[in-house]
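Work through the exercises below with the sequence and the 3D structure at hand. Try each task before reading its solution.

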Amino acid sequence: MQSYTEENYLKIIYHLSEISNPVLTNAIAERIQTKAASVTDMIKKLSEKGLINYVKYQGVTLTEKGKSTAINIVRKHRLWEVFLVDKLNFKWDEVHDVAEELEHIQSNLLVERLDEFLDFPRVDPHGDPIPDKHGNFAELALIKLSKLKSGDKGTITGVSEHSSSFLKHLEKLSLTLGKRIEIIDVLDFDGSVELWVEQQKTNISREVAKHILITKN
């Protein structure tokens, strides 16, 4: 059994490995906001437990055991986010920190009952895929809103930026999951986007558009 800190490290290494693999210790230190020496100490512990492989000056990779553990933590985190939003009426910008605490619950039976209670959701409140009990993720055909052209239509299915300020900004613009959109125009000058959001016209910057994920209709 891993400690909370060890589980957090595994989850962070897993997410960073989706960007670059092996994962550099400096990247881990930056994400956790701690000193590189502290990361090195934890890496040694995780390596001794057979959860990661570490090569000095090259970085860290997850072993199969480590990857399976990390994916299970991600699964619990995202299921709890669905529960908090759908059953306890939390907003999508309020759930991350609470789910960070709940993801460390060890009972596999509770997690499977939670999954069943929620009717086996495929995505969390931010549109991120939820792995099933075997660690398999649903295949989602998503495209950045910033890649759409005039006349394109779609449904908001996810976001790639989870900060509370960004989610609140989207909520203010009614750009939330499930909303149907149609692109009116994309300005050559700055890449900003004019669009319809369920009969309402709005404008967003290219920076905002690139973090909104769409399923094209």
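The exercises cover salt bridges, strand pairing and nonpolar cores.

The model is predicted, so local features need pLDDT of at least 70 and side-chain atom pairs count only at pLDDT 80 or more, while totals for chains, interfaces and linings use all residues. Residues are numbered from 1 along each chain as its sequence is written, and side-chain values use heavy atoms, with hydrogens and water left out.

**Exercise 1. Salt bridges**

Task: State how many salt bridges there are, and describe the one between Lys-49 and Glu-6.

Solution. 
- Step 1: Start with the rule. A salt bridge is a side-chain nitrogen of Lys or Arg within 4 Å of a carboxyl oxygen of Asp or Glu. By this rule there are nine salt bridges.
- Step 2: Check the distance. The closest N and O atoms of Lys-49 and Glu-6 are 2.9 Å apart.
- Step 3: Helices (H or I, at least four residues) and strands (E, at least two) are DSSP runs, numbered from the N terminus.
- Step 4: Find the exposure. Buried means under 20% relative accessible area, exposed over 50%, and partly exposed in between (1.4 Å probe, protein chains only). Lys-49 has 33% and is partly exposed, whereas Glu-6 has 6% and is buried.

**Exercise 2. A second pair**

Task: Are Arg-78 and Asp-124 buried or exposed, and which parts of the chain does their salt bridge link?

Solution. 
- Step 1: The side chains of Arg-78 and Asp-124 meet in a salt bridge, at 3.9 Å from N to O.
- Step 2: Arg-78 is in helix H4 (residues 64–86) and Asp-124 is in the loop between helix H6 (108–117) and strand E3 (143–144), so this pair links distant parts of the chain, 46 residues apart.
- Step 3: Arg-78 is buried at 13% relative accessibility, and Asp-124 is buried at 3%.

**Exercise 3. The sheet**

Task: Give the strand order of the six-stranded sheet, then follow the pairing of E5 with E4 and with E6.

Solution. 
- Step 1: Two strands pair if DSSP finds at least two bridges between them.
- Step 2: The sheet is open, with antiparallel pairing and the order E3-E8-E4-E5-E6-E7. E3 and strand E7 (200–204) are the edge strands, each pairing on one side only.
- Step 3: Three bridges join strand E4 (residues 153–159) to strand E5 (residues 180–186). Lys-153 has Glu-182 in E5 as its bridge partner.
- Step 4: E5 also runs antiparallel to strand E6 (residues 193–197), with five bridges. Here Glu-182 stands opposite Trp-196.
- Step 5: The hairpin of E5 and E6 has six residues between the strands, and Gly-191 there takes a positive phi near 75°.

**Exercise 4. The nonpolar cores**

Solution. 
- Step 1: A nonpolar core is a set of buried Ala, Val, Leu, Ile, Met, Phe, Trp, Tyr and Cys residues joined through side-chain atoms within 4.5 Å. In soluble globular proteins, nonpolar side chains tend to be buried together.
- Step 2: The largest core has 20 residues, and Leu-10, Ile-13 and Leu-46 are among those with the most contacts inside it.
- Step 3: H1 gives the largest share, six residues.
- Step 4: A second, separate core has 19 residues, including Leu-148 and Ile-214.
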